[in-house]
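Please keep the sequence and the 3D view at hand while reading.

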Amino acid sequence: MLWVMQFSGFFSAAMLMIVLSPSFQSFPPAEAIRSSHLHAYLRLPSYQVSSSPYSPLDRFSFRKASEFGNADKCRSTDHKITGVCDPSLVHVAITLDVEYLRGSIAAVHSILQHSLCPENVFFHFLVSDTDLETLVRSTFPQLKFKAYYFDPAIVRNLISSSVRQALEQPLNYARNYLADLLEPCVRRVIYLDSDLVVVDDIAKLWSTNLGSRTIGAPEYCHANFTKYFTGGFWSAERFSGTFKGRKPCYFNTGVMVIDLVKWRRVGYTKRIERWMEIQKTDRIYELGSLPPFLLVFAGRVAPIEHRWNQHGLGGDNVRGSCRGLHPGPVSLLHWSGSGKPWDRLDSRRPCPLDALWAPYDLYRHSH
């Protein structure tokens, strides 16, 4: 857990003050990163990255991550993980696409660096390009993971135009189908966006008590909830009535703990799709994949501490809107918004907090 002192203006990484709490000092990265071996059953068949001059992967090269291993406090080493269904695993789902690949790699790296038991984390990558599997394996040779192909055609006819073109990409909607894509034995999953880093033990987030709820996420009840939907939505009882009896609050879908058993039983994917179909004919919101989640779940979310999603750090530094941190502990930093730290660092116009993302970047710059 990090306590970060907030500054205004730009500063270098050396000027940033980070005070580690005692609980975090109990498992620094140096302790967690030790030699281990990847079980053979987790190695997927090798695919050759396309050598075509038109391959978008040609522009990417990542350094190999340091070896990692469980700390002594983890479950007995006598326990042999038997596959994706092993109950000792922490399941994390992240999308992999070319535009955000650098962010996804940094997110995985941060989880491994700060996990007490990194060998117990299983990553589920949602992809529309199978070549990305090879790149991940070469960067994290020990990583327990599986790639799941998400066919863009599944949602292409359901997606409406949005305020930002980036929000219209089909892979943004893959999270809606986690219950169908992942193995039935996977009963719970943490979904994470690609533009974040975790600076605490992911097992703490995994242990969230969802109670009777299907999803858990940090809620922001002070936000103006009405702005996420059009005037036409609020004036039509057949639409706005969906929130009757609820106290809906905004939550960011980039960090969620999901009970897949309840999701499958209720059939929430169909409910989300139904709102997307309504949007195509009645234009009830302007954003991308967030509003359908709000329509289905807002007011029915298990609250998680805000430290697990310090979001909005993307901002837009060109317009002078670099964001600071909210007061208090920080377990996850999220660069939601139009600005991404890798783009701003490369352009030499970073926001102050981009310095906290940089240590997890494994991108190999060409010289």
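A residue is called buried when its relative accessible area is under 20%, exposed when that value is over 50%, and partly exposed in between. The structure shown here is a predicted model.

A disulfide is a covalent bond between the sulfur atoms of two cysteines. In this model, a pair of cysteine sulfur atoms within 2.5 Å is taken as a disulfide, and the count comes to four disulfides. With the bonded cysteines counted along the chain, the pattern is 1-3, 2-4, 5-6, 7-8. Three of these links are described below, one at a time.

Begin with Cys-74 and Cys-117, which form a disulfide with sulfur atoms 2.1 Å apart. Cys-74 sits in the loop between α2 (29–32) and β3 (90–96), and Cys-117 in the loop between α3 (101–114) and β4 (121–127), so this pair ties together parts of the chain that are 43 residues apart in sequence. About the S-S bond the angle is -110 degrees, and the link of Cys-74 and Cys-117 is left-handed. Are these two cysteines buried or exposed? Both Cys-74 and Cys-117 are buried.

The loop between α2 and β3 also holds Cys-85. This residue is joined to Cys-185 by a disulfide, with an S to S distance of 2.0 Å. The link of Cys-85 and Cys-185 is left-handed, with -80 degrees about the S-S bond. Cys-85 has a relative accessibility of 46% and therefore counts as partly exposed. Cys-185, at 30%, counts as partly exposed too.

Further along the numbering, Cys-322 and Cys-351 form a disulfide, and their sulfur atoms are 2.0 Å apart. This pair links distant parts of the chain: Cys-322 is in the loop between β12 (302–303) and β13 (329–330), while Cys-351 is in the segment after α13 (341–346), 29 residues apart. Which hand does the disulfide of Cys-322 and Cys-351 have? The torsion about its S-S bond is about -75 degrees, so the disulfide is left-handed. As for accessibility, Cys-322 counts as partly exposed because its relative value is 27%. Cys-351 has a relative accessibility of 5% and so counts as buried.

Technical notes:
Residues are numbered from 1 along each chain as its sequence is written. This is a predicted model: local features need pLDDT of at least 70, side-chain atom pairs count only at pLDDT 80 or more; totals for chains, interfaces and linings use all residues. Side-chain values use heavy atoms; hydrogens and water are left out. Helices (H or I, at least four residues) and strands (E, at least two) are DSSP runs, numbered from the N terminus. Buried means under 20% relative accessible area, exposed over 50%, partly exposed in between (1.4 Å probe, protein chains only).
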